[in-house]
Amino acid sequence: MLYDVVIIGGGPAGLAAGLYTARARLKVLLVEKAVAAGGQVMTTGWIENYPGFMDGISGAELSSKMEKHAIKFGLEIMHGTVAGISQYEGVKKVALEGNGQLEAKSIILASGANPKSLNIEGEEKFRGRGVSYCSTCDGAFFRDDKIAVIGGGDSAVEGAVSLAKFAKSVYVIHRGDSFSATKIAQERAFSNPKLKIIFKAVAEKIEGGDTVKALH
């Protein structure tokens, strides 16, 4: 079958593309490697900053609503892993692991991104339950808590400064002896009384009960 569009990736961007193209009455197939669509949103416990949901919504429920909305207008979803893309005589070929192949007039890449993991004990267990990869998204959840930010680049240092608005205190833990963040970000970090900076330290283990309680 020749599809008008094949979308690679089933996160919010892929599902939005699927909704728009399917609603335009195009023959569309979305390919998602995970067992369920939603991307990183699926791993987020609670979302309070998505327009239209004033009381918040779980990541899993939001992903499900997005998926059902797109399917309502005719989007097809396939769960599989893309192994390669090629083109022959104007037709795009999408090779799947397991020797399957799809053909399309157009391809939309919505492969998303993955946060950089520490790969330490407890990280995956507490993901969405105290372990977060987005200070802007989740900072308000940790109001008046002690927060640890691991890293020394712009994302870590700027995120720590942002989190100081909510937190009781913010520990910035970096394996090096200096930050690589921009000078202005460093100046803001060093001048913020809520930030406690720890150089030459490496996180090894996350512990807790229902949520994170300690970092070693």
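## Contacts and overall build

The chain carries five helices and eleven strands, and its C-alpha trace spans about 60 × 40 × 35 Å along the principal axes.

Of the 216 residues, 34% count as buried, while the chain exposes about 13000 Å², of which carbon and sulfur atoms supply 52%. The charged side chains comprise 26 positive and 23 negative ones, and the centres of these two sets lie 3 Å apart.

## Confidence

The pLDDT of the chain averages 93, and 100% of the residues score at least 70. Confidence is highest in strand E1, residues 2-8, at a mean of 98, and lowest in helix H3, residues 135-138, at a mean of 80. Where pLDDT is low, predicted coordinates should not be read in detail.

Serine 58 is placed in the loop that runs between strand E2 (28-32) and helix H2 (59-72). From this position its side chain reaches the backbone nitrogen of glutamate 61 at 3.1 Å. When neighbours within four places in sequence are left aside, the contacts of serine 58 are with Thr44, Gly45 and Trp46.

## Two loop residues with positive phi

Asparagine 119 belongs to the loop between strand E6 (101-109) and H3, and its phi is near 60°, a positive value in a residue other than glycine. With a relative accessible area of 70%, asparagine 119 lies over the 50% cut-off and therefore counts as exposed.

Lysine 200 is likewise a residue other than glycine with a positive phi, here near 55°, and it is located in the loop between strand E9 (195-199) and strand E10 (206-208). Its relative accessibility of 66% is also over 50%, so lysine 200 is classed as exposed.

## Histidine 174, buried in strand E8

Is histidine 174 buried or exposed? This residue of strand E8 (residues 169-174) has a relative accessibility of 14%, and because that value is under the 20% cut-off, histidine 174 counts as buried.

A polar atom of the histidine 174 side chain lies 3.1 Å from the backbone oxygen of serine 178. Residues up to four places away in sequence not being counted, histidine 174 touches Gly151, Gly152, Phe179, Ile198, Phe199, Lys200 and Ala201. This list includes lysine 200, the residue described above as exposed at 66% relative accessibility.

## Histidine 216, after strand E11

Histidine 216 is found in the segment that follows strand E11 (212-215). Its relative accessibility is 47%, which falls between the limits of 20% and 50%, so histidine 216 counts as partly exposed.

Which residues does histidine 216 contact, leaving aside its neighbours within four places in sequence? They are Val202, Ala203, Glu204, Lys205 and Glu207. The C-alpha atoms of histidine 216 and arginine 127, which stand 89 residues apart along the chain, are separated by 16 Å.

Conventions:
Residues numbered from 1 in each chain as written. Heavy atoms only, no water. pLDDT = per-residue confidence, 0-100. Helix = DSSP H or I, 4+ residues; strand = E, 2+ residues; numbered from the N terminus. Buried < 20%, exposed > 50% of the residue type's maximum accessible area, 1.4 Å probe, protein only. Areas by Shrake-Rupley, 256 points an atom, 1.4 Å probe, with all protein chains shown as cover. Lys, Arg positive; Asp, Glu negative; His and termini not counted. Charge placed at Lys NZ, Arg CZ, Asp CG, Glu CD. Polar contact = N/O pair within 3.5 Å; in protein donor to acceptor, adjacent residues only side chain to side chain. Contact = heavy atoms within 4.5 Å.
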